[in-house]
Amino acid sequence: MEWSRLVIIVLVSVLLLDQTRGQSSKSKTQKDRRTKEKERDGDLKTQIDKLWREINSLKEMQALQTVCLRGTKIYKKCYLAFEETKHFHEANEDCIAKGGTLAIPRDADENNALRDYAKKSLPGAGDFWLGINDMVNEGKFVDVNGIAITYFNWDRSPNGGKRENCALMTQASQGKWVDEVCRTLKKYVCEFIVP
Ligand SMILES: [Ca+2]
């Protein structure tokens, strides 16, 4: 909210400044004035376009973290699916940039909600990244903050050894998890904590 307000204040200041400049240019020749006005209008339009884009991206981020506008909400979590395929790290970084993390189901209810939501939102996607890995200690699975996972839903015990250290949820096995090479390109779901 504070950001949006700040951006609006800047926008109004730019418009006022432009008006003041406009009034002081009366003494110049008509041709000069017209050229300068055109340049200034172009600059101003670019600045306004940029500010609008910033306002919209801030509004989108705020919406993700407050009302779960496009995703699905379960308890105090919002899951939001992304069709683009990314490596595990890139996917998690994208979720963080949006104010969340990769999805981490903490119990069977969350796991089922995530599976059902992904089935609808990522049609045809056989699997997608979860925010779970054993990169640091083989076999010791942690969340994206390095905290040990307490709820598991492996299809079979993870069997990829040190080669496969990132967890996927698979639709073929009804939301069970499998380990996979972290650099594989997969779709992903982010989670956001919402009030
Ligand atoms: Ca492993």
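Q: Where is the place of Q174?
A: Q174 sits in the loop between β6 and β7 (176-180). Strands here are DSSP runs of E with at least two residues, and helices are runs of H or I with at least four, numbered from the N terminus. This is a predicted model: local features need pLDDT of at least 70, side-chain atom pairs count only at pLDDT 80 or more, and totals for chains, interfaces and linings use all residues. Residues are numbered from 1 along each chain as its sequence is written.

Q: Why does Q174 count as partly exposed?
A: The cut-offs use other C-beta atoms, placed from the backbone, within 10 Å: 20 or more is buried, 12 or fewer is exposed, in between is partly exposed. Q174 has 13 such neighbours, so it counts as partly exposed.

Q: Why does Y75 count as exposed?
A: Y75 has 11 C-beta neighbours inside 10 Å, so it counts as exposed. Y75 lies in the loop between β1 (72-74) and β2. Its phi is positive, about 50°, although Y75 is not a glycine. Most residues other than glycine have a negative phi.

Q: What makes L64 buried?
A: L64 has 20 other C-beta atoms within 10 Å, so it is buried. L64 is found in helix α2 (residues 30-66). Leaving aside neighbours within four places in sequence, L64 is in contact (C-beta atoms, placed from the backbone, within 7 Å) with C78, L80, K98, G99 and F192.

Q: How do you know that the buried residues F88, A91, N92 and C95 of helix α3 (residues 88-97) are on the same side of α3?
A: F88, A91, N92 and C95 are buried in α3. They cover an arc of only 95° around the axis, so they lie on the same side of α3. The arc is that of the directions from the helix axis to the C-beta atoms.

Definitions and conventions. Two residues are in contact if their C-beta atoms, placed from the backbone, lie within 7 Å.
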